[in-house]
Amino acid sequence: MTHGHEKSDPAIVATKPTNKAGQLAAEPVERRAGTEGNADQQSTRRAQDRESVSQALDRVRQAARQRRKEKFTALFHHLSLPMLRTAFFALKREAAPGVDGLTWQDYEADLDRRIEDLHTRVQRGAYRAQPSRRRYIPKQDGRQRPLAVAALEDKIVQRATVAVLNAIYEEDFLGFSYGFRPGRSQHEALDALIVGITRTKVNYILDADIRSFFDEVSQQWLVRFLEHRIADPRIIRLIQKWLKAGVLEDGVVTVSEKGTGQGSVASPLLANVYLHYVVDLWAERWRRREATGDVVIVRYADDIVVGFQHEADARRFWDAMRARLAEFALSLHPEKTRLIEFGRFAAVTRAKRGLGKPETFNFLGFKLICGTSRSGKFLLRRKTRRDRMRAKLREVKEELRRRMHQPIPEQGRWLRQVVTGFFRLSRRANQQRGAEHLPVLCRGPMAALPAAAQPEGPHHVAAGNEAG
């Protein structure tokens, strides 16, 4: 995901450094006002923080893996000084400031004092979330996407909390969930979908679009879902503070009972938790109990694509999914959600009925097309959507205009990177990937695939009305 102007930071989990931290370096000269030692000391302390954070998260992760149904009652102490410092350095330096007006560089100038003060307020319950600043960014279709730009300290606390919760939920999330998860990318989601379509008997595709998902999430249901695994009331109250902080727009703060604040650091994880219980566990259970043929599914955040062997299964799933979402304050977009004939045998069966070529559908910025190779075999092709291409060309044009006073060789190096990256992406897009990219739900042929291709994570449905 690219980070343009006015975009907030994505969720990032701190990782363990490869080298051990060394001894603190000696300060050879008198310190200047506002500094905390030389670069070696700063680097050493950051490495020590990462080591401490990594060990703490490993313990949480191991407990979550070993005790799938256990509720965590003591997580708040993990929001430590090292965790908050690590979270700060994981933020995007150029991210837009929130209502506090603080930039990353402003906060770093007096980092130790500010982080210690923030840690104290968080631990004694005096931390108060500030309203997010409303900003809009253009979408490819010409509309505006609303973003919630959080204050810098809210970003820090959210990033630290997300790191702790990710250690738990990464053990729970199913394998066909890709969006905004550590170590998972759009390309892997596309690869999984392509392998699922080409290696199973998929004949129909349900391209499902949840209407205004990030704005319609029920906060009440979200908290109930979180409480399936999180029994530390201080963590729950912290999340509720962010949800209730509201959004500042044109001098007016608006607080809603719905939504997760798209653009905030915590929003992607909260969205995945919501859809894990509303869609993922339900879809896995439906496939196991109701499907009569092969079923594959790939979900990237609120973008869901489901492949079916039989049209009857597809239509029953569509009806059931519509009812399921309605139970949790969500709905499918009536115009963007559609069922099409698509797959290895779609062109042949349509030709027998006197119909034209199979329809195409869009997923993660690509148009997927039923094609054939030079030898006449089925080949699923994907190419960049025209609207995305036009938007990207506009961005390149604006950036070249901004760089017009730079030396020609420097402009050429930048443009070469852009063009090379595009062609590398296009070349990758039309390569058929192996079965290792298939963490999708499936029946029948799935049993013959390697274990690495099986869905990851627990496949049980949690008890209680919220989960089922």
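Begin by selecting Ser212: at 39% relative accessibility, Ser212 counts as partly exposed. Buried means under 20% relative accessible area, exposed over 50%, and partly exposed in between (1.4 Å probe, protein chains only).

You are looking at a predicted model: local features need pLDDT of at least 70, side-chain atom pairs count only at pLDDT 80 or more, and totals for chains, interfaces and linings use all residues. Residues are numbered from 1 along each chain as its sequence is written, and side-chain values use heavy atoms, with hydrogens and water left out.

**Stop 1: two positive phi values**

Stay on Ser212. Ser212 sits in the loop between strand 3 (204-209) and helix 7. Helices (H or I, at least four residues) and strands (E, at least two) are DSSP runs, numbered from the N terminus. Check the backbone here: phi of Ser212 is positive, at about 45 degrees, although Ser212 is not a glycine. Most residues other than glycine have a negative phi.

Now jump to Phe180. Phe180 is in the loop between helix 5 and helix 6 (186-199). Phi of Phe180 is also positive, near 55 degrees. Is Phe180 buried, partly exposed or exposed? Phe180 is partly exposed, with a relative accessible area of 31%.

**Stop 2: the whole chain**

Zoom out. The protein chain has 14 helices and 11 strands. Of its 468 residues, 49% count as buried. Among contacts between residues at least 6 apart in sequence, 72% join residues at least 24 apart.

**Stop 3**

Select helix 5, residues 152-169. Helix 5 has 18 residues. From first C-alpha to last, helix 5 reaches 25 Å, close to the 26 Å expected at 1.5 Å a residue. That expected span is 1.5 Å times one less than the number of residues. How many residues of helix 5 are buried? The count is 18 of the 18, so helix 5 is largely enclosed by the rest of the structure.

Next, colour helix 2 (residues 81-90). Helix 2 is mostly covered, with 8 of its 10 residues buried. Pick out Pro82, Met83, Leu84, Arg85, Thr86, Ala87, Phe88 and Phe89: these are the buried residues of helix 2.

**Stop 4: helix 9, seen end-on**

Select residues 233-244. This is helix 9, with 12 residues. Helix 9 reaches 16 Å from its first C-alpha to its last, close to the 16 Å expected. Show the side chains of Ile235, Ile236, Leu238, Ile239, Trp242 and Leu243, the buried residues of helix 9. The buried residues fall within an arc of 160 degrees, so they line one face of helix 9. The arc is that of the directions from the helix axis to the C-beta atoms. What covers these residues? The cover includes helix 5, helix 8 (219-226) and helix 10 (267-289).

**Stop 5: the second largest pocket**

Select Arg134, Val247, Lys258, Thr260 and Gly261. Of the 30 residues that line the second largest pocket, these are the closest to its centre. About 520 Å³ of space lies in this pocket. On a 1 Å grid over the protein atoms alone, a pocket is an open set of points with protein on both sides within 12 Å along at least five of seven lines; a cavity is a set where a 1.4 Å probe fits but cannot get out; lining residues have an atom within 4 Å of a point. Grid points are joined across faces, edges and corners, and a volume is the space filled by probe spheres set on the points.

Several elements each supply at least two lining residues, among them strand 1 (132-138), strand 2 (144-149), helix 7 (213-216) and strand 4 (247-249). Helix 5, helix 9 and helix 10 do too. The lining divides into 12 nonpolar, 13 polar and 5 charged residues. Here Ala, Val, Leu, Ile, Met, Phe, Trp, Tyr, Cys and Pro count as nonpolar, Asp, Glu, Lys and Arg as charged, and the others, Gly among them, as polar.

**Stop 6: the largest cavity**

The structure holds 3 cavities of 30 Å³ or more. About 50 Å³ of space lies in the largest. Select Ala95, Leu102, Trp104, Leu152 and Lys155, the closest to its centre of the 14 lining residues. By class, that lining has 9 nonpolar, 2 polar and 3 charged residues.

**Stop 7: helix 11**

Finish at residues 311-327, helix 11, and select Asp313 there. Asp313 is buried, with a relative accessible area of 1%. Leaving out residues up to four places away in sequence, Asp313 touches Trp286, Glu290, Ala291, Thr292, Gly293 and Phe308.

Leu325 is in helix 11 as well. At 1% relative accessibility, Leu325 counts as buried. Draw a C-alpha to C-alpha line from Leu325 to Val279: 46 residues apart in sequence, 7.8 Å apart in space.

Methods
Contact = heavy atoms within 4.5 Å.
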